[in-house]
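The model comes first, then the notes.

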Amino acid sequence: MGRQIPIHQLRNCCSIPRFSLSASSASPPARRHPNDLTLPSWHPLSDSNLSELSVAVSPPFSLAAARISSSPNSMASSSSAAASAAALEAVQVLVASLADDAPRVRDSALAALRDVAPLNPLLVLDCCATISRGGHRRFANMAGVFLVMASAVRALDRLDAEREFLRKIAKIATAEIVSSKDFNVDWQRAAATLLVAIGSHDPDLMMGEIFLYFSGPTSALPAMLQILADFASAEALQFTPRLKDVLLRVLPILGSVRDGQRPVFANAFKCWCQAAWLYIGDASSGLPFDDDVMSFMNSVFELLLKVWTGSRDLKVRLSSVEALGEMVGLVTRSQLKSALPRIIPAMLDLCKKDQEVAFTAAHSLHNLLNVSLLSESGPPLLEFEELNVVLITLLPLASFNNSKDERLYVSKGLKTYNELQHCFLVIGLVYPEDLCLFLLSKCRSKDEASIVGALGTIKHLLPRLLESWHTKQTLLVEIVKSLLEEQSLGIRMALAELIVVMASHCYLSGHPAELAVEFLVRHSAITDDDLNDLNTLKNEYFQDKRFEMKMSLAGLSDLRAVCEKSLLLLAITIPEMELVLWPFLLQLIIPKKYTGAVATVCKCITELCRHKLSQTNPLYTEFNASNEMPSPEYLFARLLVLLHNPLARGQLATQILTVLCYLGPLFPRNLSLFWEDEY
């Protein structure tokens, strides 16, 4: 019978509007009190329809119902009492539907109750508390019940959030959490969410309930720590002043924690430290720690550093390093300096692991470098020579390979790459010239990963350290020139991206700029036939025997796309490159080996012509001034021949016709007149 009434109608019943139409009058609705639950006759749960609704749980006369019925503003008539009972019954139907066999019904009931909870949180809490007394063994979806209760608790007014009322709810939640040794069960996590919501109203009450499980050995301790970690993340300003009480209870048991539980403890310390940073960053908050808390933090720091980071369990090492990354700014500088020889190798070792582990370790290393080098409390704690091991380790890891197809891998890899670049930036802000010379020296090495990493790092740092690196412009240009003929796909890709950054900051001009443009055109000329011909790949593009064919096929296509995009960026967005591109691009139309790039080159020429004509600059002046340019007749013939394939890649025919139109003044007058008539 409960399913005869749609869930959305039950939601409407419980979220009664502020105005109600009387069944016996067509007059406008009258103002009503928020607690007045009178139902109109047309409502699916009105008195005439209540007989059609069967409810699994009988409506109790509880705290919420008592408050509604005893309100001085509540109507004392029998219709009001019936309406209150109907609303209570509707909520009970929704709560019972949380355990329905059909997932769609459960989801709809959960959504409806979350909508209803802010309108009448006490009523929702009472119904949920009643049905949760038997626990998950009697009700199949305790997770849904606790999530609804959490929404209702958050919606409680301060006057309604009475301590004893919240204590009863908190005990229901904690009873569920301690009912199993495993904290991965849905209902336990939902119960933790409820406790965090209770803590937002009364943190001392919630934490007091948690502290009951800190005395003596108990399997619920990790779960309780996780709740405190979640509470710190959600309510940093309320948690941080109470951190001392937490540490007083955690430190005595910290030394006896086994490896299996250490990640939970380390994660809790991480969240607590993050909360402290948020508290410190709040304008109205002062320093949250006294001498006792600082002493506690130093003790925890030493334990994580000297014991837990040396564990054989990767999860323990990773969680410990992650926690240390948040703690480095909360310990004394003297303790941090003495810890650097131990903590840096631990972080670097994890940076070499898979992407997920590497991202976490790189983020912690970034925090460490930031605190050690850029602190306002004193000079850098590390000299550049001491950072060599960091740079040597991280540079090959920065050669981020985006040739993978898996989106998840690319996302994680890109996040790790960005964190590594943040590390390089922190070092560059303190030692800009030393870092620049280090990167340039790595570009001359024989290690491909180091070269790719150095080029990518230069690309990332050049706009940010432009003034500091200005004196190294000539060295950088010479390094790029020397790498233009490299066979490595990774080096070519890194060069294509770096060329655009250098051009946009006026690092390229004259002959080196022309060589860079020709490099982009050469790789834009890769055809689809080249990608399918393995012999061409081996002989013309990859003479290195070590390259992997499968990666190269995908990577070569990506290289072509990057070079085409780079050429267009040079022509469209960088005005300084106009002197390099025009009329130099006209030369690159003629060679047969660049035929595959003609469509892209024509796009660039079109953009240059539009810009020049908008400034009323004649096109043929620069053209005639250069002795290396092909004759107009030769250029016209070459473009005309290429029109034989109108379906070629990149809308070749359209691009050629557009360029011929713009270049009309360059050709003999009879050809120009003919072209104007035909076009």
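## A charged patch

D434 sits in helix α20, residues 432-443. Helices (H or I, at least four residues) are DSSP runs, numbered from the N terminus. This is a predicted model, in which local features need pLDDT of at least 70, side-chain atom pairs count only at pLDDT 80 or more, and totals for chains, interfaces and linings use all residues. Residues are numbered from 1 along each chain as its sequence is written, and side-chain values use heavy atoms, with hydrogens and water left out.

D434 is partly exposed, at 36% relative accessible area. The scale runs from buried (under 20%) through partly exposed to exposed (over 50%), with a 1.4 Å probe and protein chains only. Together with E383, E385 and E386, D434 forms a negative surface patch. Such patches take residues with over 30% relative accessible area and no salt bridge, and join like charges within 9 Å. Asp and Glu count as negative. The place of a charge is CG of Asp or CD of Glu.

## Salt bridges

How many salt bridges does the structure hold? The count is 18. Each is a side-chain nitrogen of Lys or Arg within 4 Å of a carboxyl oxygen of Asp or Glu.

K171 and E209 form one, at 3.3 Å from N to O. K171 lies in helix α7 (residues 163-177) and E209 in helix α9 (residues 203-211), so the pair ties together parts 38 residues apart in sequence. K171 is partly exposed at 40%, whereas E209 is buried at 5%.

R242 pairs with D204, with closest N and O atoms 2.7 Å apart. This pair also links distant parts of the chain: R242 is in the loop between α11 (236-239) and α12 (243-254), and D204 is in helix α9, 38 residues apart. D204 is partly exposed, at 45% relative accessibility.

R522 and E485 meet in a salt bridge of 3.3 Å, N to O. R522 belongs to helix α24 (residues 510-524), and E485 to the loop between α22 (473-483) and α23 (489-504), 37 residues apart. R522 is partly exposed at 24%; E485 is exposed at 57%. Elsewhere, salt bridges with shared partners join E164, R167, K171 and E209 into one network.

## A buried cysteine

Is C563 buried or exposed? C563 is buried, with a relative accessible area of 0%. Its helix is α27, residues 549-573.

Beyond neighbours within four places in sequence, C563 is in contact (heavy atoms within 4.5 Å) with A496, L520, H523 and S524. The C-alpha atoms of C563 and A597 are separated by 9.9 Å, with the two residues 34 apart along the chain.

Methods:
Patches are made of residues with over 30% relative accessible area and no salt bridge: like charges are joined within 9 Å, nonpolar side chains (Val, Leu, Ile, Met, Phe, Trp, Tyr) within 5 Å. Accessible areas come from the Shrake-Rupley method with a 1.4 Å probe; for residues, only the protein chains shown count as cover. Helices (H or I, at least four residues) and strands (E, at least two) are DSSP runs, numbered from the N terminus.
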